Amino acid sequence: MPNSEFFVKFFDVLCNKIEICDKLKHYTTKNGANCSWFYINCKGDYRMAKRIFLIFFCATLIMTSFSGCKKNKNSPENQVIKYNLESEPRTLDPQVCNDYAANIVIMNIFEGLVRLDESGDLTPGVAMSWDVSADGMTYTFHLREDAAWSDKAKTPVTAQDFVFGLQRALDKYTNSPKAYTLYCIKNARKVNIDGAPADSLGVSAPDEHTVAIELEYPMENFLSLLATAPTMPCNKAFFEGTNGQYGLEAATIISNGAFKVKPRYGWSHYNSLSLVKNENYLGANVSVPAGVDFTIGKDLTDAVSLITTSAIDAALLLSEEQVAEAKRKNLRTVAFKDTLWGLAFNTQDALFANLNVRLGFLKALNRDHILSTIPKNCEVTESLVPDGLIVNGQEFRSVAGKCPCLTADPKAKSHFDAGLQQLKLKTLPKVTILCPENPNIKAIVSNAIENLNGNLGFYFNMEPVPDGVLKSRVASVSYQVALVPISVESPFAIDFLNAFKSGNSKNIANLNSPEYDKLINSAASANAKDAYKPIVAAEKYLIDNAVFYPMYTQSRFFAWSNKVKGLIFHNYGQGVDFFFATKTK
């Protein structure tokens, strides 16, 4: 096929009305093109030659384009990764988001000063490098000069965008659910709680490409904190132009990460959300895949089959059976021990609103007996806050010690009977313990019922249900007692306990306790050296008041197709990073 030089020169021949025959013969011979059919009579009409040329030229372009697409359609850079979000993101505003689905999307459409790699180690983000003062109190970040937002104007990402983002996160009127995680920054607590001026926050922009952050106290994992959602940059002009709709629609989102929400029809609420490459992104973490297609709320009870049939490329596995099946089919897997199982009480239920009833119920249980059949990949635990969570840069369990759960007590029946008497009940109403259909877990509940029947003198029931039904019933607090999992969705201990605060949508116990709320609020506003104390008290409150009875921790498994490489799954629900993912057909 003739090359581009041939077409350019030949077109010049036509346009300048030079002798056609000799020139055509010359270029045909020179380029080795089979244009004998195109060789027209030297006495032919020029306009006919031009018309034939244009037809041939357009046909060649179409064939070349089609051939190119066909040739490259299986290339990794033309592949889209498919993943399911468990729920609709409430918002893609990094400063106010507080759900796992939103965190996944935000991780891929925004880039902070730093990023975390597959090992959890720090890598450059918008900041090419940074300096830390000798006392660990001042951090200075040097930004890339080519960083740009995803708008048509390629608006530069500046130091002021990071200053404004942090000011928004800590502004008391923003009501950011993650503001307390930033209290290590100088004057952050005063800005967030007391309403001090935003410019008093210890964050400044000495110039367009330098961000300086001063701390209240040294924090060992401060840099890792700067990879979390509330520390993402925010362009003030764009934010103010959305008139309160920032992050709620594709049109009211501007990105600085390797991906952006597809501009047209990219977010079909409660159905799908599509990411495409951000052509303005020039960072070190240049994305490989063409994009990410998220389904929302897809049924994953057959996740392994969905992966093997390429309906999705990766998924959170919901059961032990799915994990075993994924391994049998040689799918790639990764596990994080960040799920706590235990008995939850509906504290607003007519019966279990009574403390003595709850105490009697739990003190009738023999832990060794009921936990003799825990599933594989699980470990018995007594404490409610799982190992590994932190408070002000320190591991919570190392500073707080253990928090033993309630143990068997011969006086269990006395507590239970006292509760029934307080409720003016002469006999026990029907009590059902909700649980998954997993055989190991049903065995745990059976052992518990054996203890309850023998030690309390009443009959209790078990209601095994599919995982999806369990999740729905627990989320709506449509149960009396349930053996349930709680996934850790943040590395901070206070976040885990905050789920039991009054009004929290994740409050599976339906707890409404001003005393408990006060402890959580105190933990959020306490001085650094004392911050762990109210958290210890809050954990003890949940144990002593029989709100949640911890039993064992379990590894949470993700699986993905062998056709996909480079996915990064972060623990504690911090997200899934698609930047380096490659996919082959």
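I looked up Asn256 first. Asn256 counts as buried because its relative accessibility is 2% (buried is under 20% relative accessible area, exposed over 50%, partly exposed in between, with a 1.4 Å probe and protein chains only). Asn256 sits in the loop between α8 (236–241) and β8 (259–261). Helices here are DSSP runs of H or I with at least four residues, strands are E runs of at least two, and both are numbered from the N terminus.

I note that this is a predicted model: local features need pLDDT of at least 70, side-chain atom pairs count only at pLDDT 80 or more, and totals for chains, interfaces and linings use all residues. Residues are numbered from 1 along each chain as its sequence is written, and side-chain values use heavy atoms, without hydrogens and water.

Next I checked what surrounds Asn256. A polar atom of the Asn256 side chain lies 2.9 Å from the backbone nitrogen of Glu111. Beyond four places in sequence, Asn256 has contacts (heavy atoms within 4.5 Å) with residues including Phe110, Glu111, Trp149 and Tyr281.

Then I turned to Asn192. I found Asn192 in helix α6 (residues 188–194). Asn192 counts as buried because its relative accessibility is 15%. Its side chain makes a polar contact with the side chain of Tyr183 at 2.5 Å (N or O atoms within 3.5 Å; within protein, one able to donate a hydrogen and the other to accept it, and sequence-adjacent residues count only if both atoms are side-chain atoms). I also listed Leu170, Asp171 and Lys172 among the residues Asn192 touches.

Last, I took the chain as a whole. I read 19 helices and 24 strands. Of 585 residues, 52% count as buried.
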